[in-house]
Amino acid sequence: QVQLVESGGGLVQSGGSLRLSCAASRSIFSDSTMGWYRQAPGKERELVATITNDGISTYADSVKGRFTISRDNAKNTVYLQMNSLKSEDTAVYYCNAKFLRVINVEGATAKRDYWGDGTPVTVSS
């Protein structure tokens, strides 16, 4: 049974920092691009950052220079270090795994999309 379990959310003042963690099932982690998404009240879910299984990362423009995504493959865990937090960062943050496994030499793949239940982050002004 594949699970993604987020932790580390909470209440922080503007300018502060938090580190989110997402522990993923061993069975899918090594073959997954991991990501963090967030959804604020009344808004659609948006991409925050992603990191491939070999460490290539991408970021939303709104968090570049402030957030850092990383992964520890030995622990099957992805992190999101959030610095210089702003009130507009307030949202529920979701861990995502985009699983991709090549199943033959012709390039056929197995693809799955997994989500955690989310961890809330509230930034006060």
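Predicted model: local features only at pLDDT ≥ 70, side-chain atom pairs only at ≥ 80, totals over all residues.

Me: Which residue in β10 does Leu100 stand opposite?

Reply: Start with the strands: β9 covers residues 91-102, and β10 covers residues 109-115. They pair in the antiparallel sense over seven bridges. In β10, the residue opposite Leu100 is Lys111.

Me: What is the phi of Gly107 in the turn?

Reply: β9 and β10 form a hairpin, with six residues between them. Gly107 sits in that turn, and its phi is positive, at about 95°.

Me: Is the pair of Tyr37 and Trp115 stacked or edge-to-face?

Reply: The structure holds one aromatic pair. The ring centres of Tyr37 and Trp115 are 5.0 Å apart, with the planes at 65°. Planes over 60 degrees apart count as edge-to-face, so with its 65° this pair is edge-to-face.

Me: How many residues apart are Tyr37 and Trp115?

Reply: Tyr37 belongs to strand β4, and Trp115 to strand β10. The pair links distant parts of the chain, with the two residues 78 residues apart.

Me: Is Tyr37 buried or exposed?

Reply: Its relative accessible area is 13%. Buried means under 20%, so Tyr37 is buried.

Me: Over which ring does the charged end of Arg45 sit?

Reply: The charged end of Arg71 sits over the ring of Phe29, 4.2 Å from its centre. For Arg45, the distance to the ring centre is 3.7 Å, and the ring is that of Tyr94.

Key. Residues numbered from 1 in each chain as written. Heavy atoms only, no water. Phe/Tyr/Trp six-rings, centres within 6.5 Å; stacked < 30°, edge-to-face > 60°. Helix = DSSP H or I, 4+ residues; strand = E, 2+ residues; numbered from the N terminus. Buried < 20%, exposed > 50% of the residue type's maximum accessible area, 1.4 Å probe, protein only. Lys NZ or Arg CZ within 6 Å of the ring centre and 35° of its normal. Pairing = 2+ DSSP bridges.
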